[in-house]
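Please look over the sequence and the model first, and then follow the paragraphs below.

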Amino acid sequence: WCRVKAVISALDGVLAAEEEAKISAGDVKLAVTWSFAMRTSIDGKVQGPGTFGFQDMIAVVEDPSLVEYVCRTPQEKLKKAFYARWVHGLNTQAPWTFVRDFVTNHYQLYDGFGGFPWFIGEYGANGQTRELIVSDLQSMEEKAMSDQNFLGSAFFQFQTAYSKGGSELNFGLFSIGKRKIGETGEVCDRKSHCRTWPVYCLGTKLPWFDAEPALGKRAEALATAWGGVAEGTC
C-alpha cells in the first residue's frame, strides 16, 4: 500500500501548501498516472491494469486509515478538493484498442470510478508500426470527442532518453544529431557546479530501429495522425 500512501500524502501536501501560500485553485486539476501493470486496489474491490489506481484514490480519500495515514488537511476539506479537482490517469505501452476496451468496461462495472474522467499520461506505442500509431492516435481523438469520460493522451516521449539506454530508446520521437545549435544558460543542481551545456539538433531518424525500419517512423506517425509535419532541425 506504499503507492497509495505516497499519493494521499502528496495530495494532502499540495492542499496544505496552497492554503499556506493563500493560492486559489481555480480550474487547476490534480492527477496521478498509474502503471498499467496488473494490480488489485487497496480495498480489494478492483483488479486490473491501471484501473486499480482509480479505485485506490477513491478508497483512500474516503478512509486514509487504509494506509495508516493521518491527514493534516481536515478530512472533509480534503474530500471536497478531491471530488472537485481529481482526474484519473494511467501510463501504458499497450495497444490502444485493448486499453480503451478494458477501461471503458471497468467504468461501466464500477460506476464511473467516482464520476472522474481519465487520460493517458504516457502513450508509449512500444514496438508499434507507423500505421498502428496513426490509427491509435486518431481513434483516441475520436473517443475524446465523443466520450466525456476520456480526456485524451500525451505521446511518450519527445526526445529519446539516451541516458536510460536499452529498451528505453524505443520511446523517443526524435534522436539527437551531431550539429551543435547552441548552449543552455547556466544549469545548477546538487550534484555538480553550475555550468552550461551544448544543445544539439534533433532528427526524425531513429538509428536503433535500422533493423526494423517499420518501427522507426514515430515522429512521422504522430504528425500524420494530428495533421502536422515532422521535420528535424539537423
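This is a predicted model: local features need pLDDT of at least 70, side-chain atom pairs count only at pLDDT 80 or more; totals for chains, interfaces and linings use all residues.

Cysteine 188 is partly exposed, with a relative accessible area of 48%, where buried stands for under 20% relative accessible area, exposed for over 50%, and partly exposed for what lies in between (1.4 Å probe, protein chains only). Its partner is cysteine 194, to which a disulfide joins cysteine 188 with an S to S distance of 1.9 Å; a disulfide is here a pair of cysteine sulfur atoms within 2.5 Å. Cysteine 194 is likewise partly exposed, at a relative accessible area of 40%. The torsion about the S-S bond of cysteine 188 and cysteine 194 is about 120 degrees, and therefore this disulfide is right-handed.

Residues are numbered from 1 along each chain as its sequence is written, and side-chain values use heavy atoms, with hydrogens and water left out.

The structure holds two disulfides, and the other one joins cysteine 201 to cysteine 234, with an S to S distance of 2.1 Å. Cysteine 201 lies in strand E8 (residues 198-203) and cysteine 234 in the segment after helix H6 (218-225), so this pair ties together parts that are 33 residues apart in sequence. Helices (H or I, at least four residues) and strands (E, at least two) are DSSP runs, numbered from the N terminus. Because the torsion about the S-S bond of cysteine 201 and cysteine 234 is about 95 degrees, this disulfide is right-handed. How do the two ends sit, buried or exposed? Cysteine 201 counts as buried at 1% relative accessibility, whereas cysteine 234 counts as exposed at 58%.

With bonded cysteines counted along the chain, the disulfides follow the pattern 1-2, 3-4. Cysteine 2 is in no disulfide, and the nearest cysteine sulfur, that of cysteine 71, is 17 Å away. Cysteine 2 is exposed, with a relative accessible area of 61%, while cysteine 71 is buried, with a relative accessible area of 18%.

Now consider the chain as a whole. Its secondary structure comes to six helices and eight strands, which run from the N terminus on as α-β-β-β-α-α-β-α-β-α-β-β-β-α. The C-alpha trace spans about 55 × 45 × 30 Å along its principal axes, and buried residues make up 41% of the 234 residues.

H1 has 20 residues and reaches 28 Å from its first C-alpha to its last, close to the 28 Å expected at 1.5 Å a residue, the expected span being 1.5 Å times one less than the number of residues. Its buried residues are Val4, Val7, Ile8, Leu11, Asp12, Leu15 and Glu18. Seen down the axis of H1, these buried residues fall within an arc of 130 degrees, so they line one face of the helix; the arc is that of the directions from the helix axis to the C-beta atoms. The face turned away from this buried side carries the exposed residues Cys2 and Glu20.

Some details in the loops complete the picture. A cis peptide bond, with omega about 5 degrees, joins phenylalanine 156 and glutamine 157, and glutamine 157 lies in the loop between E6 and E7. Threonine 160 is found in the loop between strand E6 (150-155) and strand E7 (175-183), and at 1% relative accessibility threonine 160 counts as buried. From threonine 160 to phenylalanine 174 there are 14 residues in sequence and 6.1 Å in space, C-alpha to C-alpha.

Two residues have a positive phi without being glycine: phenylalanine 113, with phi near 45 degrees, and alanine 125, with phi of about 50 degrees. Phenylalanine 113 has its place in the loop between helix H4 (96-109) and strand E5 (118-123), and counts as buried at 0% relative accessibility. Alanine 125 is found in the loop between E5 and helix H5 (130-146), and alanine 125 is buried, with a relative accessible area of 0%.
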